[in-house]
Amino acid sequence: AEDGAGDFVLFAYGSLLWDESDIVSSGAYVVKRTPAVLLNCCRSLCCQSFEYRGTESNPGLCMGLKLKGKEANRADGVEKLEKADGCHGVLLQLRPGASAMAACDRREMFTGAYTREWLTCKVKRDPLQGSSPHDTEEDTEFTGCWAYVMNEESRHSAPDSLVEDHQAAARVIATAKGKKGKCIDYVRMVVSKLQEVGLPVEEEIIKTLQIAEDLSMQDSVSSPPCP
């Protein structure tokens, strides 16, 4: 549909920022990418990966979204939404919607790590101007979108004691590796892609990655090459 009716509008905040292989293989494609803020949500390294970026014995940590309350996200009134903080990412408009949704669901929900939620995000009326913390109500508008949110009932939900301990989380990121490669490469890529489009990255994620980089460097120096 030329007017976008029937498209799958998805908020990307992790690997979907760069890896669209599952979307492409389904026959769908990206119509438009728009920087956006998913309101009253927080991105963190809270999803344990037992396969793609880690193993059962040494699970990695990947990005997950946690809601600060569904009702707070869903439309509590414009005044509250205007004041809300949130997670910066990219709004993907995917077509055809049914194919794209099925492909993304298979990718994100097959382990039970995430649930798909219809939430509220804020976008620039003129995306070419980029986002700014000083945007006014006239500069932005609210719209609904789908987002994959951490299922805190699943075994993939990392304990807060790990997520909030930068040293412990960094050690996991520096050492874990799975079918899709090293955990640290995943975190580097998410940070890089956000920075490429001028979006802010959470200080906790930056700090954890910096420690992981230091640990990874120390391990490479302390481990002599095989003869």
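This talk walks through the core, the aromatic pairs and a helix of one structure. Keep in mind that the model is predicted.

Let's start with the core. The largest nonpolar core has 60 residues. Which of them touch the most other members? They are Phe11, Leu38, Leu94 and Val187. Helix H7, residues 183–196, gives the most to this core, with 7 residues.

Take valine 187. Leave aside its neighbours within four places in sequence. Valine 187 is then in contact with Leu45, Leu61, Met63, Ile173, Ile205 and Leu209.

H6 runs from residue 166 to 175, and Ile173 is among its buried residues. Helices have a simple rule: with 3.6 residues a turn, residues three or four places apart point the same way. Now the start of H6. Aspartate 165 caps the N-terminal end. A side-chain oxygen of aspartate 165 lies 3.2 Å from the backbone nitrogen of glutamine 167.

Next, the rings. How many aromatic pairs does a search of the whole structure find? It finds 4. I'll show two.

Phenylalanine 11 and tyrosine 13 form a stacked pair. Their centres are 6.4 Å apart, with 20 degrees between the planes. Are these residues buried or exposed? Phenylalanine 11 has a relative accessible area of 1%, so it is buried. Tyrosine 13 is buried too, at 6%.

The second pair is tyrosine 52 and phenylalanine 110. This pair is tilted: 6.3 Å centre to centre, 50 degrees between the planes. It links distant parts of the chain, 58 residues apart. Tyrosine 52 is in the loop between strands S3 and S4. Phenylalanine 110 is in the loop between helix H4 and strand S6. Tyrosine 52 is partly exposed, at 33% relative accessible area. Phenylalanine 110 is partly exposed as well, at 48%.

Rings also meet charges here. The charged end of arginine 116 sits over the ring of tryptophan 146, 4.5 Å from its centre. The charged end of arginine 155 sits over the ring of phenylalanine 50, at 4.0 Å from the centre.

Last stop, valine 37. Where is it? Valine 37 is in strand S2, residues 29–39. Its relative accessibility is 13%, so valine 37 counts as buried. Not counting residues up to four places away in sequence, valine 37 touches Phe11, Gly86, Cys87, His88, Thr120, Cys121 and Lys122. Aspartate 85 is 48 residues from valine 37 in sequence, yet 8.1 Å away in space, C-alpha to C-alpha.

Conventions
Residues are numbered from 1 along each chain as its sequence is written. This is a predicted model: local features need pLDDT of at least 70, side-chain atom pairs count only at pLDDT 80 or more; totals for chains, interfaces and linings use all residues. Side-chain values use heavy atoms; hydrogens and water are left out. Buried means under 20% relative accessible area, exposed over 50%, partly exposed in between (1.4 Å probe, protein chains only). Helices (H or I, at least four residues) and strands (E, at least two) are DSSP runs, numbered from the N terminus. A polar contact is a pair of N or O atoms within 3.5 Å; within protein, one must be able to donate a hydrogen and the other to accept it, and residues adjacent in sequence count only if both atoms are side-chain atoms. Rings of Phe, Tyr and Trp (its six-membered ring) pair if their centres lie within 6.5 Å; planes under 30 degrees apart count as stacked, over 60 as edge-to-face and the rest as tilted. A charge sits over a ring if NZ of Lys or CZ of Arg is within 6 Å of the ring centre and within 35 degrees of the ring normal. A nonpolar core is a set of buried Ala, Val, Leu, Ile, Met, Phe, Trp, Tyr and Cys residues joined through side-chain atoms within 4.5 Å. Contact means heavy atoms within 4.5 Å.
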